[in-house]
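The sequence and structure come first.

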Amino acid sequence: EHFLARIRALNGALNAVITVTEEQALAQADAADARIAAGEAGPLTGIPLLHKDLFCTDGVRTSCGSRMLDNFAAPYDAGVVERLREAGMVMLGKTNMDEFAMGSSNENSFYGPVRNPWDTERVPGGSSGGSAAAVAARLAPAATGTDTGGSIRQPAALTGVTGIKPTYGRVSRWGMVAFASSLDQGGVFARTAEDCALVLGAMAGFDPRDSTSIEREVPDYAAGLNADLDGLRIGLPREYFGEGLDAGIAAAVEAATDTFRALGAEVREISLPNTHLAVPAYYVVAPAECSSNLSRFDGVRYGYRCEHPKDLTDLYERSRGEGFGPEVQRRIMVGTYALSAGYYDAYYLKAQRVRRLISGDFSSAFADVDLILGPTTPGTAFRIGEKSDDPVSMYLSDIYTVAVNLAGLPGMSVPAGFVEGLPVGLQIIGNYFEEGRMLNAAHRFQ
Ligand code: GLN
């Protein structure tokens, strides 16, 4: 009731939550009370949360921030939704997001932009901006998100919360509407690494319904939070501190490394030489996969259908033309072009080769260090409208996040201070399945 009241009071100014499932939430809370009374409670029993509106929720609208799915109520729960419900968490509703998770500012939603609670004239980041803003404004203690190129870490940084994107394959993608399937990965936002550890522990694990899900035991992340950092080897990639990085953010990250040194870590400079290729490679691979994934929205099976189509071609053209917003259409065009006969080798295949080089950079780095630290974003939250006419400058706000997705590695963003009253995020990147080590470092830092 406390969080539902906060949503009622504050969401008007933020537009972070687009569906509130009040009745269902109160019923789940009653069930949680009964479990607590019966002595059957786990650590998450009765803890409220919000889901990003691309996780399918049985009988509840799952819009993906798009007119295309404005009328779509999923017929089942996503794997993640199911697991968190079984852990006793109470779903309060669904959060606003960039349409089909394409964006870095949450200005691309059919339901209007999300506003940053620290300054409502500014963006919260994207695409999981509704989840980040909701946690930052304490509309919920935790919220799910997805990260294809930074959509958990970047909004976590811009709103001053903690967010973790686990290793690709760690969390089920079943029932998570696909944007770029080889990059998409679900994760969580919360105030602290400790809260993230609890929720991630409940979300993660093998799901046979997702063919890329990995069969591997989930460690008790919460149990490892207080481990000593003595001798932990931390690498600072030289390429993450060059031109384009805000000086205040650089100083905040430097101050964070001093804290890690004081906690016993050894900090050294490393190199990820192909960093400059990450944004161009990502913006070929992600649109290519999106153009394929989004071909299912044809106005026939489900979702938006135009009125009075003349014939089948008109039905496809107008349903997709009216149902998808401009950024989604831009990505479909770019992706279709990159995959077309004659251009495939020059763009898609080449981008996949670059992707391999980028993974190689990380493998070499992790031969010498345990964790990589750097900024999450080049700047703090920008003004609504500031970058909306310039897709390339918008894409560059992902410069420190997309490489992690191309490599399939886990990454997180942890609050690391403020520049001119706006939050700064410290990015922590781990080797495959090292979420526990990252959460431990983040917890000790916090
Ligand atoms: N900002 C990136 C994009 O627009 C990443 C989005 C995401 O991670 N879903 O594609």
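## Strand pairing

Val 17 stands opposite Thr 95 in strand S3. Strand S1 (residues 17–20) pairs with S3 in the antiparallel sense, over three bridges; strands are DSSP runs of E with at least two residues, numbered from the N terminus, and two of them pair if DSSP finds at least two bridges between them. Strand S2 (residues 48–52) runs parallel to S3, joined by five bridges. Leu 49 stands opposite Met 91 in S3. From S2 the chain passes through helix H3 (residues 79–86) to S3, a right-handed β-α-β crossover (clockwise from the first strand over the helix to the second, with the strands pointing away from the viewer).

## Basis of the model

The model is predicted: local features need pLDDT of at least 70, side-chain atom pairs count only at pLDDT 80 or more, and totals for chains, interfaces and linings use all residues. Residues are numbered from 1 along each chain as its sequence is written.

## Buried elements

In S3 (residues 90–95), six of six residues are buried (20 or more other C-beta atoms within 10 Å of the residue's own, C-beta atoms being placed from the backbone).

Helix H4 (residues 129–136; helices are DSSP runs of H or I, at least four residues) has eight of its eight residues buried, so it is largely enclosed by the rest of the structure. Among them are Gly 129, Ser 131 and Val 135. Arg 138, which follows H4, has a positive phi, near 60 degrees.

## Ligand shell

The ligand is surrounded by 13 residues, the closest being Ala 101, Ser 104, Thr 148, Gly 149 and Ser 151 (C-beta atom, placed from the backbone, within 6 Å). The shell holds four nonpolar, seven polar and two charged residues; Ala, Val, Leu, Ile, Met, Phe, Trp, Tyr, Cys and Pro count as nonpolar, Asp, Glu, Lys and Arg as charged, and the others, Gly among them, as polar.

Key:
A residue is buried if 20 or more other C-beta atoms lie within 10 Å of its own, exposed if 12 or fewer, and partly exposed in between; C-beta atoms are placed from the backbone.
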